[in-house]
Amino acid sequence: SFASANELEIHDPGTVVVSAAREAQLQAILSVGDAAAVQLYNLERQKTDSAKMRCQGLVDEVRNRANETDRRFQSVLTSVAAGEVSDVASLLSQLNGEGTGGVFDGKTPGEVQALWQSMSWEEQRAMMAMDPDGLLNREGLPPEILEEASRIKMGEEIDEMLARRNEIDERLKELEGSLQARYFPIESGANSEIRSLEEEKKRINEQINLRQKAIEKGGFVIYDPENGNIVERVHTGGPGPTEHVVTYQHGTGGNYDGVLDGSSGAVARDAVKHADAQGATDLYIHHQGDAIGWFGDDANSNEAFLDNKGAQLADFQESLYVQENNRDAKYHGIGHSAGNSVVTGSEMHGARYDSVTSLSGSFMPEGWQADPNTEYRHYHYEGEPINAVGIMKDSPSEDPAFETKQFDSGRDLGWHWYKPLSVPGWVDAGVDAYNSHTTSSKGSDQNGPIVDQVVKDIYGD
């Protein structure tokens with residue numbers, strides 16, 4: 001073990017001490033009395049003390065986790081003994097907190113929702129206390145439950161990062177105090193390791209800060225970093241039943257980090273701020289799997305890739321339809337750029353929307369047909385380059401199902417460092433096409449005309 005390898009002992013109730021043999025060895029070095037012996041003693045003492053601190057940290061972490069498990073288990077046992085919970089919770093208590101969320105395995109979102117609603121409040125809290133990971137990303141659970149599970153997961157990740165950061169700090173102390181790093185800083189391997197550890201520490205700090213801010217926002221109904229899946233919920237308006245459910249799908253280049261740090265979906269975030277105080281709106285910023293690229297296997301031009309994206313979004317939408325609070329809500333899909341391909345692709349897998357809004361949107365998948373019960377809109381600014389896809393594909397700029405409107409940005413989109421794209425009949429010459437395209441995804445400060453129009457479309461004049 002780490003303790004024995006470093007001549008340490010762990011005493012009850014979890015205190016780490018230096019072994020008597022190691023202390024005797026250190027004193028023997030010091031007893032020689034000359035300068036070299038003192039220097040060697042200091043180096044060896046520093047190494048031992050560093051190992052002791054790291055070992056104590058590991059022991060404390062194990063004790064804390066054990067205490068938390070005991071606390072959760074005791075809470076459930078108390079409820080069972082008091083007769084406050086039914087046989088479902090009794091079953092959970094017998095599982096010792098392992099895999100309690102497995103009761104939902106293999107169930108559809110509707111079945112998950114029905115099972116959750118059949119449980120008492122005490123049973124639901126017992127499940128959250130014992131197995132929050134089992135509730136994480138369970139489509140069909142109420143959004144508040146999914147958000148709580150994601151916050152717990154992020155907190156656990158922060159704890160792991162803090163532990164690693166402490167290890168780095170201890171190792172840096174060792175290296176910075178070594179003769180090699182002190183006297184041969186250019187050639188030494190120690191100096192190279194110091195730089196590597198400092199870079200790792202910087203990345204850890206950035207990730208901790210990102211998760212701390214995400215926990216403060218607290219609105220992630222899907223949090224699955226291992227598979228690149230993340231969906232943020234932004235709730236606006238007053239209490240009561242949800243009146244509007246808005247799903248925003250970002251386009252080419254939109255990624256996982258953009259949802260986590262809140263930079264994705266500015267146009268939709270600003271639009272739903274206008275929710276009526278007496279009503280309620282839930283906005284979902286959606287990202288699952290690989291980001292959509294410009295070319296290659298992960299581009300929306302790859303029919304198989306696009307079909308999978310549409311299916312993923314449709315599955316997520318199904319989890320919203322079953323929520324009791326959304327029973328009478330209107331559903332709005334908003335897609336920027338290739339995001340429109342995904343939103344319309346989800347319709348081919350059963351998703352339904354009261355309105356679909358294309359913001360500088362790309363083409364619809366092969367075989368797509370407009371839903372007669374859905375209102376379709378296509379908004380863009382002057383010089384929009386993506387309209388040129390209408391030459392080859394079923395584009396919202398050309399399809400009669402879409403009400404198309406070009407807005408005046410009120411800004412100089414003018415020349416850029418490259419020659420502006422010009423396609424007669426679709427794209428204006430002399431306009432910075434890329435800037436025109438990206439502006440429709442931004443917030444009110446740069447994209448006011450389109451944000452105002454989306455507000456009118458959702459909430460009325």
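The legends below accompany close-up views of a predicted model.

**View 1. The largest nonpolar core and the residues with the most partners in it.** This core holds 40 residues, and within it Phe104, Trp116, Leu135, Leu141, Tyr284 and Phe316 touch the most other members. Two or more residues each are given to the core by helix H5 (109–118), helix H6 (121–130), helix H8 (143–177), strand E3 (220–224), helix H13 (303–321) and helix H14 (338–347). Among these elements, H13 supplies the largest share, which amounts to seven residues. In soluble globular proteins, nonpolar side chains tend to be buried together.

View 2. When neighbours within four places in sequence are left aside, Phe316 is in contact with Glu139, Val221, Ile222, Val231, Tyr284, His286 and Gln288.

**View 3. Strand E4 between its pairing partners E3 and E6.** Strand E4 pairs with E3 in the antiparallel sense over four bridges, and E4 also pairs with E6 in the antiparallel sense, over eight bridges. E3 and E4 form a hairpin with four residues between them, and Gly228 in its turn has a positive phi of about 70°. Because seven of the nine residues of E4 are buried, this strand is largely enclosed by the rest of the structure.

**View 4. The loop that holds Pro239.** Pro239 is placed in the loop between strand E4 (229–237) and strand E5 (244–249). With a relative accessible area of 71%, Pro239 is exposed. Although Pro239 and Gly279 are 40 residues apart along the chain, their C-alpha atoms are separated by 6.6 Å.

**View 5. Thr357 in strand E8.** Thr357 lies in strand E8, which spans residues 355–359. Its relative accessibility is 3%, so Thr357 counts as buried, the limit for that class being under 20%. Leaving aside neighbours within four places in sequence, the contacts of Thr357 are Gly333, Ile334, Gly335, Arg377 and Tyr379.

View 6. The side chains of Arg54 and Glu167 meet in a salt bridge, with an N to O distance of 3.6 Å. This pair links distant parts of the chain, since Arg54 is in helix H3 (residues 35–81) and Glu167 is in helix H8, 113 residues apart. Both ends are partly exposed, Arg54 with a relative accessible area of 37% and Glu167 with one of 23%. The two residues also belong to a network of salt bridges in which Arg54, Arg164, Glu167 and Glu200 are linked.

View 7. Glu147 forms a salt bridge with Arg233, and the closest N and O atoms of the pair are 2.8 Å apart. Here too distant parts of the chain are linked, with Glu147 in helix H8 and Arg233 in strand E4, 86 residues apart. Glu147 is buried, with a relative accessible area of 8%, and Arg233 is likewise buried, with a value of 11%. Side chains of opposite charge can pair when their charged atoms come close.

**View 8. The Glu324–Arg327 salt bridge, one of the 22 counted in the model.** In the salt bridge that Glu324 forms with Arg327, the closest N and O atoms are 2.8 Å apart. Glu324 is partly exposed, with a relative accessible area of 47%, whereas Arg327, at 59% relative accessibility, counts as exposed.

**View 9. A nonpolar patch on the surface.** Trp294, Phe295 and Tyr434 make a nonpolar surface patch of about 450 Å². Trp294 has its place in the loop between strand E6 (280–287) and H13. With a relative accessible area of 53%, Trp294 is exposed.

Terms used: Residues numbered from 1 in each chain as written. Predicted model: local features only at pLDDT ≥ 70, side-chain atom pairs only at ≥ 80, totals over all residues. Heavy atoms only, no water. Core = buried A, V, L, I, M, F, W, Y, C linked by side-chain atoms within 4.5 Å. Buried < 20%, exposed > 50% of the residue type's maximum accessible area, 1.4 Å probe, protein only. Contact = heavy atoms within 4.5 Å. Salt bridge = Lys/Arg side-chain N within 4 Å of Asp/Glu carboxyl O. Patch = residues over 30% accessible without salt bridge, like charges linked within 9 Å, V, L, I, M, F, W, Y side chains within 5 Å. Areas by Shrake-Rupley, 256 points an atom, 1.4 Å probe, with all protein chains shown as cover. Pairing = 2+ DSSP bridges.
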